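Here's a quick briefing to read with the model open beside you. Take a look at the fold, then work through the notes below.

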Amino acid sequence: MRLLIVTPGRLPIPAVEGGAVETLIQQILDYNEHFLHHEIYVAAIYHSEAVQRSRDYRYTHFCYLKMGRAFSLATKKHLLPYRMLDRLFAKKAVKQLRKTDNRFDYIVIENETVIGSVFLRYLEGSYIFHAHNNLAVPIRRKEQQFLQSCLGIIAISQYLENVIRGSIKPPFIGTVYNGIDINLFNRKAHCKNGIRIRERLGINKEETVILFAGRIIPEKGLEELLKAFAMLPETMPVTLLVLGASFFAESGENTYIKKLKSLGEKKKDKIVFCGYVEHSAMPDYYSAADIGCIPSIWEEPFGLAVAEQMAMQLPVITTESGAITEIADKSCGFVFPRDKDLSRNIADAVITLHEDKALRQKMGTAGRKIVCQHFSQQSYCENWFKMLEKMKGQGKKLSEKKIER
């Protein structure tokens, strides 16, 4: 199989600057290197460290695009509409790919319909759209044409599949759940590093550590968590670790992060903003924690951080947001509605888990079992490639129907 994967054009591959989509693409590439040996091409933005790491891949060819500092700044600071940035990336990618042998069995467009519409115009092929987020509504005409021209759409959750079905009528759509590396996200393998992180941060053994991981944007619910943290008893030995930045590997503070820090001012000695943490180092921080908390207040298309925390045997406190209810249930944590009582409910759940170590262990064990059974990297990659073959069959059926007419 000869396959082209077109990234969203925001972050590099390999995923040296993080990013959920980019990490999932890297999983596909790694799986192919070990098991399938398909010829895969990847269109992604240039990054010197990514180029260095790309040399470890035998069956993947990287088409790196130097978009310039202005493009990078506009992306990270939201200075231009994403649609404009997508067109710039797509046109440059098409121009570079047309100089090579651009005959592919499949062209997989990752998450950006604008990029897909540009590619469809200039590069012939069998397109598949891998949807990681809700489609922008209303869907513009060229983007709708692209989606209707695809062999099919891969959604990352049943929730997202249902949302897309409500917006358009694709030729074919199916769900392939995201996966995580359960060997990497394994508490036993990172216990010593977790202890070292606690020592480095000055957290004693008696402290209960709550951990938030994700982009620091309003939709992720960190503000609600900080309000809950303020409700905890003053004498309660508890520390909050906050992992993440406003835009993945970006450093520095924006006005929203400053607002959040002001919310936690009264307990600032018990709140640690760790900034962006590389994906490979995340398990060490998870091992330093006792409770995971992802109180999303938007419709999560999947909820990768929830699955990671469950794999690390952390009881989770989260919300009934999008696909999160497809991952977590009451056996592995607390799943609350997004209402006016959310912060109070989070605080009560923290108190319950702080006081009951046996419950934490029971929920943690249940959570890892769920992830190992349904959301492993192995099952994700296997099902992803199976879905490509399924869509190939669907494409043949559509062609046969056209011939019959």
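This is a predicted model: local features need pLDDT of at least 70, side-chain atom pairs count only at pLDDT 80 or more; totals for chains, interfaces and linings use all residues.

Residues are numbered from 1 along each chain as its sequence is written, and side-chain values use heavy atoms, with hydrogens and water left out.

**Salt bridges**

- Searching the whole structure turns up 16 salt bridges (a side-chain nitrogen of Lys or Arg within 4 Å of a carboxyl oxygen of Asp or Glu).
- Glu 39 pairs with Arg 2, with 3.4 Å between the closest N and O atoms. Glu 39 sits in strand 2 (residues 39-45) and Arg 2 in strand 1 (residues 2-6), so this bridge ties together parts 37 residues apart in sequence (helices, H or I with at least four residues, and strands, E with at least two, are DSSP runs numbered from the N terminus).
- Arg 2 is buried, at 13% relative accessible area. Both partners also belong to a salt-bridge network with Asp 101 and Arg 103: Arg 2, Glu 39, Asp 101 and Arg 103 are linked.
- Asp 86 and Arg 10 form a salt bridge at 2.7 Å, N to O. Asp 86 is in helix 4 (residues 82-97) and Arg 10 in the loop between strand 1 and helix 1 (20-36), 76 residues apart.
- Asp 86 is buried at 3% relative accessible area, and Arg 10 also counts as buried, at 14%.

**Strands and helices**

- Strand 2 pairs with strand 3 in the parallel sense over six bridges (strands pair if DSSP finds at least two bridges between them). Ile 40 has Thr 60 of strand 3 as its bridge partner.
- Five of the six residues of strand 3 (residues 60-65) are buried, so the rest of the structure largely encloses this strand.
- Which residues of helix 7 (residues 158-167) are buried? They are Tyr 159, Leu 160, Glu 161 and Ile 164.
- Those buried residues of helix 7 pack against strand 5 (127-131), strand 6 (152-155), strand 7 (173-175) and helix 13 (324-327).

**Nonpolar core**

- The largest nonpolar core has 73 residues, and Leu 4, Val 6, Ile 109, Phe 119, Phe 129, Tyr 286 and Met 310 touch the most other members (a core is a set of buried Ala, Val, Leu, Ile, Met, Phe, Trp, Tyr and Cys residues joined through side-chain atoms within 4.5 Å).
- Leaving aside neighbours within four places in sequence, Ile 109 has contacts that include Val 6, Phe 119, Phe 129 and Phe 146 (contact means heavy atoms within 4.5 Å).

**Aromatic pairs**

- The count comes to 14 aromatic pairs (rings of Phe, Tyr and Trp, the last by its six-membered ring, pair if their centres lie within 6.5 Å; planes under 30 degrees apart are stacked, over 60 edge-to-face and the rest tilted).
- The rings of Phe 129 and Phe 146 have centres 5.8 Å apart and planes at 90°, so the pair is edge-to-face. Phe 129 lies in strand 5 and Phe 146 in helix 6 (residues 141-149), 17 residues apart.
- Phe 129 is buried at 1% relative accessible area, and Phe 146 is buried at 0%.

Notes: Buried means under 20% relative accessible area, exposed over 50%, partly exposed in between (1.4 Å probe, protein chains only).
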